[in-house]
Amino acid sequence: MVFVNGKSLNDGSTGLRSTFFTSRSNTPSRQAIALISDHGDPAAEIGKEEAGGQNVYVRQVGEALSKLGWQVDMFTRKANADDPTIVQHNPYCRTIRLSAGPEEFIPRDRLFEYMPQFVEEFQKYQAKHHYPLIHTNYWMSAWVGLEVQKTHNVQLINTYHSLGAVKYEAVPDRPAIADTRLAVEKAILEQAHCTVATSPQEAEMLRSLVSSLGHIEVIPCGTDVSRFHAIPKADARIQLGLNPTDEVMLYVGRFDPRKGIETFVRAAGSIKQNAVDASNLRLVIVGGSDPTKSDGQERQRIEQLVNQLGLADHTTFAGRVGHDLLPLYYTAADVCVIPSHYEPFGLVAIEAMACGTPVVASNVGGLKFSVVSEETGLLVPPQNEVAFATAIERILTDELWARKLRKRACERVQQNFSWTGVAAQLSDLYRRMLAQSIMSDSSSSNQLVISAPPNPDETAASSRKTISTTATTASSKSLTKVS
Ligand code: UDP
């Protein structure tokens, strides 16, 4: 509820725009906000084609924000006619699937043409709920946000998740959509009220490759530390049917050539070749795939390579594994390998570290931020199988050091990367954005108190901040924001 001089704005007497309070009749005290994730369905099964970090990020952030007192509507495209239109995750957080194009899977490179329809459908909800703040995810959602901004006074925040400027550097054939994507990525950085970079490295990349204009704040990705935490390794191995003496190297993620699984397999091949006794060597590759789609082709290619290198008896393709069982895999592993060619953040790194598993990762993007080389694992040049093999061997052959890495990995995640902490930082950012918006918008000298979101669980001091300031205009107003 928003009050001016002690009066609710809902009585319509103040002249301030209605966008700053929720119009939901069932939950009047919560501020409704919208998260948009065009293709990363927050309610989808994770670990399959095009369902990875973005889905997890939006879902976890959405749910955590709802616990901090916001009313969160997460919008995505309906990619399966059988999926329900609305999935209620808790009373204050839901996924809403908008009909935009055929209700079937459409690869990202062919999705943009349906975005105008997505905007149209979203506007229906916007007209009803008056979201004053929209947090978009990925460039196509950012385009949707920019379109909505043309007709509504909204605070626009964007997280990239992936950057065309980086992606197209690495691919030989740029798709037809490339120029549009690059233009939107520039426009959103310059025109959004804030860009959330998930690592300082991503922020630098945005500055050097996209634009020097626009406001960026670094707020990392997180992980569910109540789910991902260390459990006894021996128990995890028994549950997964792994031998206690196995040397287990784990990959978790999508089958996509840019994830670099080939580098991992080749590194394992050379470790096997150099080993006096390789019988205990085990590769576990976790990730879903569909034989009719591009991830199925990549899995087939990796399987062929595994066979060629004589690793078939040493390799388990575990398929897609849900977050309920993934902690067992991380814990059971001696080392988690993240061989990506590029990674804006890389959730798998912090999930593995949260379970106390050392990480050998490519020295790229957000991995340079989350993994502290020699402290929580090792960073090596991407696509360098020799460097990966050497790093993995160092961890496998030095149990005492590995134990230290395990302990520090776990601590680092708990201190820096919990979803609750991440959501508290986002919540604080949203409040600042809304407060700024009201300040720049109002010309009256009223006292404004935003008494939302009510917050039983919120603990972070940052998100309980009170902003009190006086506008410098002739008819200045003092604005106080309380949670
Ligand atoms: N994931 C999963 N099951 C799988 C494979 C992956 O739940 O079988 C999850 C993984 O736990 C992580 C996400 O998918 O949360 C991958 O995120 P990341 O940022 O590492 O990579 P992206 O998919 O965004 O490239």
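Is Glu202 buried or exposed? In this predicted model, Glu202 is buried.

Now place Glu202 in the fold. Glu202 belongs to helix H6, which covers residues 200–209. Which residues does Glu202 touch, once neighbours within four places in sequence are left aside? The contacts are Ala197, Pro344, Gly365 and Gly366. Val218 is another residue to look at. Glu202 and Val218 are 16 residues apart in sequence, and their C-alpha atoms are 8.6 Å apart in space.

Next, turn to the sheet. Strands of a sheet pair through backbone hydrogen bonds, either parallel or antiparallel. Here, eight strands form an open sheet with mixed pairing. Read across, the order is S5-S6-S4-S3-S7-S8-S9-S10. Strand S5 (86–90) and strand S10 (216–218) stand at the edges. Each has a single partner strand, so one side of each is left without a neighbour in the sheet. From one strand to the next, the twist averages 20 degrees.

Look at one pair in that sheet. Strand S4 (residues 71–77) runs parallel to strand S6 (residues 93–98), and six bridges join the two. Within this pair, Asp73 stands opposite Arg94 of S6.

Move on to helix H8, residues 261–274. How far apart are the end C-alpha atoms of H8? They are 20 Å apart. At 1.5 Å a residue, the 14 residues of H8 should span 20 Å, so the two values agree.

Finish with two crossing helices. Helix H11 (residues 347–354) and helix H14 (residues 399–416) have axes that come within 7 Å. The axes cross at roughly 115 degrees, and the crossing is left-handed. H11 brings Ile350, Met353 and Ala354 to the contact. H14 brings Ala409, Cys410, Arg412 and Val413. Six of these contact residues are nonpolar, none is polar and one is charged.

Methods. Residues numbered from 1 in each chain as written. Predicted model: local features only at pLDDT ≥ 70, side-chain atom pairs only at ≥ 80, totals over all residues. Pairing = 2+ DSSP bridges. Helix = DSSP H or I, 4+ residues; strand = E, 2+ residues; numbered from the N terminus. Axes fitted to C-alpha atoms, helices over the stretch in contact; angles between N-to-C directions. Expected span 1.5 Å × (residues − 1). Buried ≥ 20, exposed ≤ 12 C-beta atoms within 10 Å, placed from the backbone. Contact = placed C-beta atoms within 7 Å. Left-handed = near helix turned anticlockwise from the far one by under 90°. Nonpolar A, V, L, I, M, F, W, Y, C, P; charged D, E, K, R; others polar.
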